[in-house]
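Reader: Could you walk me through this one? I'd like to start with a single residue and then move on to the ligand.

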Amino acid sequence: MTDVTDKIDAATVNLNYDDLNSSACPWPQYQELREAGGVVRSNDLGGFWGLLGYDQVKAAAADPGRFSSAQGATIPRMTDPRFPAVPLEADPPEAGLYRKLLQGPLRPGKMAGYVDLITDLTRSWLRDHAGTGSADLKELAATIPPEVIAHILGLDAADADDFVAWSHGMVEGAATDNPELKNSSVQSLLGYIIAKINHYRESPDETLFSAVANGEVNGEKITVGAAAGAVFVLIVAGHETTINGIASLLHVIGTAPGLKQTLVENPDRIPDAVEEILRYEAPIQFMGRTLTEDTAVNGCPMKQGESVALMFGAANHDPARFPDPEKFDIDRDTSGHLAFGHGIHRCVGEHLARLEMKIVAEEVLKWMPDYEVAAPVELRHNAASNRGPVSLQVRFTPPQS
Ligand code: HEM
């Protein structure tokens, strides 16, 4: 016990959320902390335990009875408790019931229907913004997911600018301890969503938004609060994450020796690069849980009501699960990576995210097969626990028109 406490104390001193998450390369620190016990304490963001080991993170994600999401799934909580972001912020059995409402258009069988949309959006951006031999590919990454999720929900593409601004305001406000920015952004986004729910309750149609607004849970019509929370999580989870996934992929293609050439010559390997970058640079570094009872992880005692971060990004670099984890290797076995979480809350949009990342990379490599990263890239958190390049300036031979 003394041993464990010593380890915990050592780790407690070391974990600084902001330093880690802002760091271009947090992996050695993660490893140091893992070796110091694998469970660490941070006093940032209101205080939380961090689980860094692959087995620990996976076990906690599979145990919603003790590691609950119902009091928020982010650290700190970003949402308004009156509008819990279900299914993300729900426990069984409700979580599964709400999840069913969202799954339809996000199932693997539906993905073929989005190929043309994603391809057209990407080509159109490249035509408009990448004709002269230089571009910021972070802007491309930031354009596609909001428009795709707007399309799937049945919202006007023009509304995407608004909900992107509110969503960013919310996560930045939470991450920078600016409650006014966070609360006003949440209220604006909820106001927009609730007005649409009222509209779809009066005039239902075939869109996903309408299906959620008029959905049934346990044989009863969904409440406005739950419907608002469900659309809220789709909008936020549907774009913040994927923007970083796309930008990290384009960054590694532009920088990892030989990778761009391999993918230009063998575009069928792009899905392997997608999977490896998801492992390597998990766009969501961690999600939060609240303990429903006193418990211990690796002998480290934790109290009921305390927050625990499931550090997916760190788990994906655990050498016990992924040998030589700091090597980016599209030939490695990436199965079991935790970038999309694990268990009942595993990402419902994972097939769409992969499709967007793949198509954008394919189109970029056709348009600018010789692109090079033209300016130093800052890789850091840009919104709460989300991680990705802040910008991605590239230069390339302009395509002949
Ligand atoms: C690269 C992109 C993405 C990443 C890395 C990602 C990651 C994750 C992770 C780690 C979780 C689990 C959260 C937890 O355990 O608390 C999750 C859940 C979720 N994601 Fe994603 N996501 C991505 C894209 C998307 C997209 C495109 C959508 C929607 C279209 C989406 C919708 C959701 C929803 C609704 C949940 C909650 C599922 C539930 O609680 O049952 N995500 N995502």
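**Contacts, ligand and cysteines**

Author: In this predicted model, leaving out residues up to four places away in sequence, Val217 touches Leu97, Tyr98, Leu101 and Ile222.

Reader: Where is Val217 found, in which strand?

Author: Val217 is found in strand β5, which covers residues 216–217.

Reader: And is Val217 buried or exposed?

Author: Val217 counts as buried, because its relative accessible area is 13%, and buried means under 20%.

Reader: How many Å apart in space are Val217 and Ile253?

Author: From C-alpha to C-alpha, Val217 and Ile253 are 44 Å apart in space, with a separation of 36 residues in sequence.

Reader: Switching to the ligand, which residues are the closest to it?

Author: The ligand is surrounded by 28 residues, and the closest are Arg99, Thr241, Arg289, His345 and Cys347.

Reader: Which atom of Arg99 is involved, and how far is it from the ligand?

Author: For Arg99, a polar side-chain atom lies 2.6 Å from an oxygen atom of the ligand. Arg289 likewise places a polar side-chain atom 2.8 Å from an oxygen atom of the ligand, whereas for Leu88 a backbone N or O atom lies 3.3 Å from a ligand oxygen atom.

Reader: What is the protein donor of the iron atom?

Author: The only protein donor of the ligand's iron atom is Cys347, through SG, at a distance of 2.3 Å. Cys347 lies in the loop between α14 (312–315) and α15 (350–367).

Reader: Why does Cys347 count as partly exposed?

Author: Cys347 counts as partly exposed because its relative accessibility is 29%, and that class runs between the 20% limit for buried and the 50% limit for exposed. Cys300, in turn, counts as buried, because its relative accessibility is 1%.

Reader: While we're on cysteines, how many disulfides are there?

Author: The count comes to zero disulfides, taking a disulfide as a pair of cysteine sulfur atoms within 2.5 Å.

Reader: One more topic: which strand does Thr290 lie in, and what is it in contact with?

Author: Thr290 lies in strand β7, residues 287–291. Setting aside neighbours within four places in sequence, Thr290 is in contact with Arg66, Phe67, Ser68, Gln71, Gly305 and Glu306.

Reader: Buried or exposed, for Thr290?

Author: Thr290 is buried, since its relative accessible area is 8%.

Notes: Residues numbered from 1 in each chain as written. Predicted model: local features only at pLDDT ≥ 70, side-chain atom pairs only at ≥ 80, totals over all residues. Heavy atoms only, no water. Helix = DSSP H or I, 4+ residues; strand = E, 2+ residues; numbered from the N terminus. Buried < 20%, exposed > 50% of the residue type's maximum accessible area, 1.4 Å probe, protein only. Contact = heavy atoms within 4.5 Å. Donors = N, O, S within 2.8 Å, 3.2 Å for Na, K, Ca; no water. Near = heavy atom within 4 Å. Polar contact = N/O pair within 3.5 Å; in protein donor to acceptor, adjacent residues only side chain to side chain.
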